[in-house]
Protein chains: 2
Amino acid sequence: MRVLITGAAGFIGAHLAELLRERGEIGGRRIGALALADQSLPDTTEEIAIRGDLADPGVMAQVAAFGPDVVFHLAAVPGGTSEQDYALGRRVNLDASLALFEALAGSGARPTVVYASSIAVYGTHLPDLVTPTMPLRPPLTYGAHKRVCEILLADFTRRGRLDGRSVRLPGIVARERSGAGLTSAFMSDILHALKAGEAFVCPVGPEATAWWMSARRCAENIAHAAVMDVSRADPGRAWPLPVLCLSIGDIIDTCSTRYGESRRGLVSFQPRPGVEAVFGRYPRLDDASARALGLRDDGSADELVRRALGEIN
Amino acid sequence: MRVLITGAAGFIGAHLAELLRERGEIGGRRIGALALADQSLPDTTEEIAIRGDLADPGVMAQVAAFGPDVVFHLAAVPGGTSEQDYALGRRVNLDASLALFEALAGSGARPTVVYASSIAVYGTHLPDLVTPTMPLRPPLTYGAHKRVCEILLADFTRRGRLDGRSVRLPGIVARERSGAGLTSAFMSDILHALKAGEAFVCPVGPEATAWWMSARRCAENIAHAAVMDVSRADPGRAWPLPVLCLSIGDIIDTCSTRYGESRRGLVSFQPRPGVEAVFGRYPRLDDASARALGLRDDGSADELVRRALGEIN
């Protein structure tokens, strides 16, 4: 099986590449060749490296020449960036994604495409329970483009040209502390601070709830999405990953229990309404259809924290 | 007020242009200049004519130079055509629409854009009542691209760059008898045949139900959509036009009452499952939100038939 990861040098892409290297297979199917596509890849990578911008036709030609059976499409610019730089967001999140789908659809081999969508498709002011049938109201251009790509991928699937599976990623932790363009960076930063025993100013209040997942579990879910049986699935072909819905208070409790009660006093709160509205009001999620397909959350807040910080796999 | 119609030489575009010429205003606001954009426009048109393909940057530059306050974006290739010729459908229905939205968004004048979407966004196997919150499952690439443009237009509206209003057009009658690329052409053809007293072979059965509207009423609704008060409307900014849900049997009854009982024997039925599935299973439509905004159906089956055949306005 020939496998391609786009955005392979990114946070989640790197975790996915590592997972696939370790396992050498997905769902019992051996990985014969792994190709990594990204603008920046280390010179030393042992896999096939496709360096450059997916929106560049020359780069897309290399993707087509590789001839993947499975593509994990993770390349994207984050929400804050695409909100400020519309043209960049359009080029990367919309144009390059559609160009990739078209190139793969034209191969005649009907490859499997796992598309990293986002919970940013849902919107703000959500009901108490987010269901698979509720209207989607993307509150940012990033989420609008993600939703558009879900629709286009489902249409290529209906046309019989691709086998598309969109998975909506929640807040994935723990990113390295930098988070340029990423409004949700505080979800990772608070974990690093609490483990290290450092003070942290939180841009949402202690009651703010979000949907959490570790990068390792996210990579496992993305890999599984390529082989899960979707033969009886909804033609929309899009699922939220199952999540742990945790408040900032839950996170502080969990880290204090694990790393020491002294952690409790380290967090002060300076809620920013814009951040709270988008990242602090996630309600319960009906993820039964995703769980039925074998996708899963981190198990518990403690497991989430330890897996996010690299203490367990 | 400077007004632009794209697809102005098409079936609905021509009706809209005629309506705007007659009235000289929309909702009490005078039309100072009317520009028509299409690939084919008569040489004699008295309005500003922009001839060519919207996907051509030169044509888009003319649109931008005109500087419209209100744009009616009707240009599209029909569903059958875009299903068979993916590249053409993408270029016209997706790329040109997005290029238009971007060009208008870049003007800084926040023009109003009325986008002619379609009931093709809903899907097949619909529930007994189609509601504003039900999941959309476009069954053809045409409907997928229409839905994508609704989302992109709503996002430009959210960004404050455009004032977008998508209206989902039902089966509009009565087109001239040719209907290349248009699977729903039978809805117009049966009206012409029954009025003329000619035999007609119907590709759906007598119980098949569809959503009907005359072209004149459609043009009135599209014009109204530019001025209706959407200040408290859902951010998705998309509405179905209110419809008459009528069976083929209802149409035959109505035409027979009006044009003579001899019409009843003229229609024979050779149902084609593909046509029935897409155009013969429309259930009731909850169009209350559209009616509340002042959009309206044809009033009765008899009015629909007479208006569709040009006997009343």
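**View 1. An open three-strand sheet in chain B of the predicted model.** The strand order is β10-β12-β14 in chain B, and the pairing is mixed. Strands here are DSSP runs (E, at least two residues), numbered from the N terminus. Two strands count as paired if DSSP finds at least two bridges between them. β10 (171–173) and β14 (244–247) of chain B stand at the edges; each has a single partner strand, so one side of each lacks a neighbour in the sheet. Direction ignored, neighbouring strands are turned by 50° against each other on average. Axes are lines fitted to C-alpha atoms, for helices over the stretch in contact; angles run from 0 to 180 degrees between N-to-C directions.

This is a predicted model: local features need pLDDT of at least 70, side-chain atom pairs count only at pLDDT 80 or more, and totals for chains, interfaces and linings use all residues. Residues are numbered from 1 along each chain as its sequence is written, while chains are lettered from A and ligands numbered from 1 in the order in which they are written.

**View 2. The pairing of β10 and β12 in chain B.** Strands of a sheet pair through backbone hydrogen bonds, either parallel or antiparallel. Three bridges join β10(B) to β12 (residues 209–214) of chain B, and the two run parallel. B:Val173 has B:Ser214 as its bridge partner in β12(B).

**View 3. Helix α7 of chain B across the strands.** Helices are DSSP runs (H or I, at least four residues). α7 (residues 215–225) lies across β10 and β12 of chain B. The helix runs at about 70° to β12(B).

**View 4. The two domains of chain A.** Domain bounds come from an automatic or database domain assignment. Domain 1 spans 2–170 + 213–240; domain 2 spans 173–211 + 243–285 + 298–308. Their C-alpha centres lie 26 Å apart. In contact are 20 residues of domain 1 and 17 residues of domain 2 (C-beta atoms, placed from the backbone, within 7 Å). On the domain 1 side, α3 (79–84), β8 (129–130), β12 (209–214) and α7 (215–225) of chain A each give two or more residues.

**View 5. Chains A and B about their axis.** Chain A can be laid on chain B with an RMSD of 0.0 Å by a turn of 180° and a shift of 0.0 Å along the axis. The two copies are thus related as by a two-fold rotation axis. Superposition is by least squares on the C-alpha atoms of residues with pLDDT of at least 70 in both. Of the residues of chain A, A:Val148 comes closest to the axis, at 2.7 Å (C-alpha).

Technical notes
Two residues are in contact if their C-beta atoms, placed from the backbone, lie within 7 Å.
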